[in-house]
Amino acid sequence: MKSTDPHGSHAHPDPDMPESQDAPQSGTGPTSIDPVCGMTVTLKPDTRTEAFGSKDFHFCSSKCQTKFQADPWFYASGR
């Protein structure tokens, strides 16, 4: 019988590697995920925000906010 390695197609991050530069650093405040591009956004008073349904969505740029405004259901639904 052939043994299958469940991790053969990918590798897990090395726990000894330093955190990515893109990862939020502790102490920078609350964050959210931009629903358009998936980027982590640090929430500040000037963060771009749109309300849809009963939830607020936060954006990394005006470009992502404009895409969301064009089809909020698509991005809010996670599709």
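In which strand does T40 lie? T40 belongs to strand β2, which covers residues 40-42, with residues numbered from 1 along each chain as its sequence is written. The model is predicted, so local features need pLDDT of at least 70 and side-chain atom pairs count only at pLDDT 80 or more, while totals for chains, interfaces and linings use all residues, and side-chain values use heavy atoms, with hydrogens and water left out.

The protein has two helices and four strands, where helices (H or I, at least four residues) and strands (E, at least two) are DSSP runs numbered from the N terminus. Read from that terminus on, the order of the elements is β-β-β-β-α-α.

Returning to T40, its relative accessibility is 29%, and T40 therefore counts as partly exposed, a class that lies between buried (under 20% relative accessible area) and exposed (over 50%), as found with a 1.4 Å probe and protein chains only. Although T40 and C60 are 20 residues apart along the chain, their C-alpha atoms are separated by 7.8 Å.

Helix α1, residues 62-70, has C64, Q65 and F68 as its buried residues. Seen down the axis of α1, these residues fall within an arc of 100 degrees, so they line one face of the helix; the arc is that of the directions from the helix axis to the C-beta atoms. On the other side of α1, K63 and A70 are exposed. The buried residues of α1 pack against β3 (48-52), β4 (55-59) and α2 (72-76), where contact means heavy atoms within 4.5 Å. Across the protein, 15% of the 79 residues count as buried.
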